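Thanks for coming. I have one structure to go through today, and I will keep to a few points. Please have a look at it first.

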Amino acid sequence: MIPSSFGGGVMEYGASNRQLVLILKSSKSKPRAIACQKEVISIGRKKGNDIVLTDDHTVSGRHALLKITPEGIEIEDLNSSNGVYVEGTRIEGSARIDVGTRFTIGQFTMVLRERGALQRDARPAPKTPPEQPPSAHPVAESAPKPAPERPVAHHPAAALTRAVPFESEMDSLPAGRFAEAAERLELDEADHSDEDAGEAAGAGDVAVEELSPVDRVIRSFLYPIDDLLDDPTVSEVMINGFNEIYVERSGRLVRTDRAFDDESYLEMGITNIARTAGTEIDEAHPILDACLADGTRVFAVLPPAARNGITIHIRKPPGAVALFTLNRLLENGTISRREARFLRFLVRARQNVLVTGGIGAGKTTLINALGSVVPEEERIIVLEERPELSLAGRHVLFFQTRNANKGGIGEVNWPDLFRSALHLRPDRLLVGEIDPRGAIHLLEAAMSLSGGTIATLRAGTPRNALTRLELLLLRHDVTIPTRTLREEIAAAFPILIHMERQEDGLRRIGAICEVQGVDPEGHYTIEEIFVRKRVAEENARMTLPTGLQPRFYEAALEQGIDPLPDNFFDATT
């Protein structure tokens, strides 16, 4: 016998240990999803039922019971006025049903779905119970292997399960908490008093765990990628329609063999994610750009704007991905030993560095790695629009911008972050992608601190990065002469590291440059220290020194920085 509840998880039944979610649809409301956590679930219009169907007078006060037991699933009509219909036929008393069987109560159509099964053996329920219970193993030969079931409560990658505490109608919770959750999910209120909660907990009918039922429902709709969200080597998940899923694993883009059953699961999943983030995605709002409370970034586009079908991009929070250090980049082939030594020297020499590159080129990865070799005794302040950086075991403070609320208050912008950071005596500033309001403050901070500022900027080439920084400053109504502005930029960021995604899918350093000032014509003087080129003997592209020793090198040695090996900067052909 499997108990009616265990550890607060979704209800399992039968030898196959299937975990069930009840989907409710009606013409008057959006689909709802409820985790089945009890053996007997009461359905009706009056409060006190496990599932309360208000605003439908065709539903009786106590209309039906849904029974989920080790022997099977049964729906029972409690002598209701308008009956229960299974696959269009009104039942007498009770009827056995299975996963995928549709039954109707009033204006609501309901169906049970499995969590974690890639396919289901859905068949109409007979009008009367069969003599023998259904087989515990109704799996077709061609069915794909189900996604593995694992606990998800203990890993920081549970991005989609810890943003906002939600509750379903079947949880016994204080009325205030339930009312708030019900409002967010458009669920009908039920009678959940503190007294009832205590009785239920004592009786063992409903157990509470770290993950709320609706959070588990979100996971249930995203079951093909459930384990990918827990995989620390996966940083991003890209869903291009229900049957095409890519991941970025250890810096490489890889297509997986995962797929959803159909678009409906994907639609319900992204709808619940949007509600978790306190927003919505629907026909009137077809684009979602949300950041969940734990830092997970979710971007989604609905058809017809997305021609491939529902398109979702999930970027996991820093704590859910294995930390990127220089040693790890060395191990996975992103950088060479020579590059690693020079990057460590740059950080020790407290050079201001601008990390440049296109979208997805690895700028954040590199700035994480550079931050990992900052001396332990230094105080680091990280400024970001959205949480992306993660520096473990260090004296580090993280700050991020925030949009104003619906009342127009509570905004925290880039100028606010920079002002706060400079009041907190940083030894180092690590800065994510900025907007025009932050550009002038980034320039001022880089000039006023005693070196060690590292920032990222989206650009196709190192020279374009300087031009783009100029444009951001000009959009902030900077009115100083162009030559003076360029001289300030060259002095503020003397080192440029340009990241590129290579043909093998890995992100690598394309060039390390020194900005040596502005020439008489007012153009930046940029010299390459390292550049990526093809080496005939190796039949491969490598990032190699050009023969230029950077101007700051001798000054760094005078500060006591350990020298690099002799001939380190000699050109390699």
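Helix 10, residues 436-448, and helix 12, residues 482-492, have axes that come within 9 Å of each other and cross at roughly 55°. This is a predicted model, so everything I say is about the prediction. A packed pair of helices is described by two quantities, the angle between the axes and the distance between them. An angle of 65 to 115 degrees would count as roughly perpendicular and one under 35 degrees as roughly parallel; helix 10 and helix 12 are therefore oblique to each other. Their crossing is left-handed. On the helix 10 side, the contact is made by Leu-443, Ala-446 and Met-447, and helix 12 brings in Glu-488, Ile-489, Ala-491 and Ala-492. Sorted by class, that contact has six nonpolar residues, one charged and no polar.

Next, the cores. The largest nonpolar core has 41 residues, and Phe-342, Leu-343 and Ile-497 have the most contacts inside it. Which helix gives the most to this core? That is helix 7, residues 337-348, with six residues. Leaving out residues up to four places away in sequence, Phe-342 touches Ile-512, Ile-529, Phe-530, Pro-550, Phe-552, Leu-564, Phe-568 and Phe-569. Another core, of 38 residues, lies apart from this one, and Leu-429, Val-431, Leu-466 and Leu-473 are among its members.

Last, a glycine. Gly-100 sits in the loop between strand 10, 94-97, and strand 11, 102-105. Is Gly-100 buried or exposed? Its relative accessible area is 15%, and the cut-off is under 20%, so Gly-100 is buried. From Gly-100 to Met-110 is ten residues in sequence and 9.3 Å in space, C-alpha to C-alpha.

Note on methods. Residues numbered from 1 in each chain as written. Predicted model: local features only at pLDDT ≥ 70, side-chain atom pairs only at ≥ 80, totals over all residues. Heavy atoms only, no water. Core = buried A, V, L, I, M, F, W, Y, C linked by side-chain atoms within 4.5 Å. Buried < 20%, exposed > 50% of the residue type's maximum accessible area, 1.4 Å probe, protein only. Helix = DSSP H or I, 4+ residues; strand = E, 2+ residues; numbered from the N terminus. Contact = heavy atoms within 4.5 Å. Axes fitted to C-alpha atoms, helices over the stretch in contact; angles between N-to-C directions. Parallel < 35°, antiparallel > 145°, perpendicular 65-115°, else oblique. Left-handed = near helix turned anticlockwise from the far one by under 90°. Nonpolar A, V, L, I, M, F, W, Y, C, P; charged D, E, K, R; others polar.
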